[in-house]
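Trainee: I would like to learn how to read helices, pockets and cavities in a model such as this one. Could we go through it together, feature by feature?

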Amino acid sequence: MSSAKRTGTRAPGAHAADGHDLIRVHGARENNLKDVSVEIPKRRLTVFTGVSGSGKSSLVFNTIAAESQRLINETYSAFVQGFMPTLARPEVDVLDGLTTAIIVDQQRMGADPRSTVGTATDVNAMLRILFSRLGDPHIGPPSAYSFNTASVRASGAITVERGNKKAVKATFQRTGGMCTNCEGRGTVSDIDLTQLYDDTKSLAEGAFTIPGWKSDSQWTVQVYAQSGFVDPDKPIREYTERQLRDFLYGDPVKVKVNGVNLTYEGLIPKIQKSFLSKDKEAMQPHIRAFVERAVTFTTCPECDGTRLSEGARSSRIRKTSIADACAMEIRDLAQWVRELDEPSVAPLLTALRDTLDSFVEIGLGYLSLDRPAGTLSGGEAQRVKMIRHLGSSLTDTTYVFDEPTVGLHPHDIQRMNDLLLRLRDKGNTVLVVEHKPEAIAIADHVVDLGPGAGTEGGAVCFEGTVEELRAADTVTGRHLDDRAVLKETVREATGALEIRGARTHNLQDVDVDVPLGVLCVVTGVAGSGKSSLVHGSLPAGADVVSVDQSPIKGSRRSNPATYTGLLEPIRKAFAKANGVKPALFSANSEGACPTCNGAGVVYTDLAMMAGVATPCEDCEGKRFQPAVLEYRFGGRDISEVLAMSVARAEEFFGAGEARLPAAHRILGRLADVGLGYLTLGQPLTTLSGGERQRLKLATHMGDKGGVYVLDEPTSGLHLADVEQLLGLLDRLVDAGKSVVVVEHHQAVMAHADWIIDLGPGAGHDGGRVVFEGTPADLVAGRSTLTGQHLAAYVGA
């Protein structure tokens, strides 16, 4: 029943404590919320839905969950709060009835090269203790089995500051499990020198081909040119053996460049520190492309990719080393642990068994503990975070989930629904942001936000049950029972990308032809090998543009205009029209307001309390100097242009005196992916997950590649938005592109020209092609799990 009917009702004589059965939110104004007021029933499963950008995350995560966490943090001492993240009170008038919130979001897990599934879930820590107690031969404490701990030895005199000072000889030793060759990374790198410089040129002629290394002004280049170790006017290929050795491998040494003391070191160690010590996934696209060209990563020959020292690999329990245990699929490891019967470590074995069983129960039994955490998809990362909560004895807690079904095959969604219902039935409040009809169907209460996205959203359109939502005249209600139909005719392939003998991860010697010139969908249960086939096995040099789910890198200073490159032609147009420098029209450069440095707000740090952001009084939040705002183009100043929506800007730059074809093309692509409502200057940090993925897709649509590979583009998309996405994919194919989509959404499968289905299961039960053909053939055959679910979806 609608929460509106429940307000203030309590049976006569009931205990006062039993009346607090609602979470009340009044006057929420975070991001685009427009004075939202809702009452959410406790100990029930409430689903929040609405188009992407309608304000769901602003209400659930930025208001309810954020305030709950802030209030809990305030219970700690000021000293402890100094070490915790500071949270501001959300923009809301009333928030009461809150309980402790546990947030399980889709934020990618840390992409540090040494972070694995085992280290991120503490299973590795338990295994290390197990091997340190039962391993034969015994090699030391748990740290001796850790690939993040190096062995250390030291000896010398120490002075004890006690009574009469006295020097005492001391020795120190710590046994670690880190492989000394790869330093616990599992891979070693080899650098292709031809990608670093052109040896036919001298340094003065611009021999370096490393991104950002320009001979005329770059300090790093000047260090090499003026070091005295090499002749800057001599081509590199003419260096003597000693000069080349100093140039490539020289030890760090201080040199004077233009009167400034700087450090010179060889090119190879410099590149290793500058590029290879960072995670490749976190690099800017052009830097990552350079690293992929210049560096080949190969499995460490000493530890065979296990990251562990010889000692750690030699210690075994029942002929199994800790490296073997971490390489097993988790469901097999759970069985191995179950067979161990050792009373001396019984509590440890129980905890380890329960955690591993949770992996299997949640559908992640196909993972292995040595899988790098940065390679998990958003859905996998979210389910890994769920594991520690499944066996929890806590009740009357608020669990907050962000699209828990993302990345799940229709076959796996039922299992996820059962887990959510189990958490609710233990007496918890479960809040879920979700788009999938199968997940909305299990809700006790639904809150639908909208009616549109961005400035057109931020209001509650509906509150009630799922059945009442079906009858409601909202965007979600109208689309809830949408079912795609199979295409009557499919396009014919114009060629094929041949994949032969693919063995990446769990692929089992797969041979498959990916058709070109059509919309090809690669599907299968989670863990069946889809990403391994599409991202890991496509032939090199296939002219592929890949749009994956990696998060957009950007601070609050980044916005759609800077990220897409749109600001560049706009700045040049303003500069040309006014006869000044383009740098004046960037809030991150010369045109920035000096008071707020172009941020538009002034931040005051209040130590352990939340910092306060106040609009800058000098520029009134416009971010630019007053003098810059006097320059106009098409009758508008730069701050007014950045305040425009994409749709309005497309109209503005499309005709008249402000006509700017370069800007208009980029704006057209943003409108094509359904982002017409975004303002050009909106910080990237305020965008939802679905908006970020579509922004990335719009950016790549201008690339020259002939094959587009998309990884679950429906993530974060409302049912109504999926239709627009399908239209966009059709336009790409009709324009002569080939589109390959890794996807679980049945509407995308039904719309495909060709389907490649992997399976039949996950992990070592998958990795094979179980179907190739048209969607109609897949439905008619019903020979795979995907075929059965697609047939049910289209009503065949």
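This is a predicted model: local features need pLDDT of at least 70, side-chain atom pairs count only at pLDDT 80 or more; totals for chains, interfaces and linings use all residues.

Trainee: How is a helix defined here, and what span does helix 14 reach from its first C-alpha to its last?

Mentor: Helices (H or I, at least four residues) and strands (E, at least two) are DSSP runs, numbered from the N terminus. The expected span of a helix is 1.5 Å times one less than its number of residues. Helix 14 has 16 residues and reaches 23 Å, close to the 22 Å expected at 1.5 Å a residue.

Trainee: Which residues of helix 14 are buried?

Mentor: Buried means under 20% relative accessible area, exposed over 50% and partly exposed in between, with a 1.4 Å probe and protein chains only. In helix 14 the buried residues are Pro410, Asp412, Ile413, Met416, Asn417, Leu419, Leu420, Leu421, Leu423 and Arg424.

Trainee: How should I read a pocket, and which residues lie nearest the centre of the second largest pocket?

Mentor: Rolling a probe the size of a water molecule over the atoms shows where empty space is left. On a 1 Å grid over the protein atoms alone, a cavity is a set of points where a 1.4 Å probe fits but cannot get out, whereas a pocket is an open set with protein on both sides within 12 Å along at least five of seven lines; lining residues have an atom within 4 Å of a point. Grid points are joined across faces, edges and corners, and a volume is the space filled by probe spheres set on the points. The second largest pocket holds about 460 Å³ of space, and of its 23 lining residues Asp482, Arg483, His745, Gln746 and Tyr793 lie nearest its centre. Helix 14 is one of the helices that each supply at least two residues of this lining, while helix 25 gives the most, with five residues.

Trainee: What classes of residue make up that lining?

Mentor: Ala, Val, Leu, Ile, Met, Phe, Trp, Tyr, Cys and Pro count as nonpolar, Asp, Glu, Lys and Arg as charged, and the others, Gly among them, as polar. The lining of the second largest pocket has 10 nonpolar, eight polar and five charged residues.

Trainee: How many cavities of 30 Å³ or more does the rule give?

Mentor: The count comes to four cavities. The largest cavity has about 150 Å³ of space, and among its 19 lining residues the closest to its centre are Glu403, Lys436, Thr714, Ser715 and His745. Its lining has six nonpolar, eight polar and five charged residues. The second largest cavity has a volume of about 60 Å³, and its lining includes Asn559, Arg623 and Leu642.

Trainee: Is Leu678 buried or exposed?

Mentor: Leu678, in the loop between helix 23 (661-672) and helix 24 (689-700), is buried, with a relative accessible area of 2%. Contact means heavy atoms within 4.5 Å; leaving aside neighbours within four places in sequence, Leu678 is in contact with Pro560, Met644, Ser645, Val646, Leu687 and Glu691.

Note on methods:
Residues are numbered from 1 along each chain as its sequence is written. Side-chain values use heavy atoms; hydrogens and water are left out.
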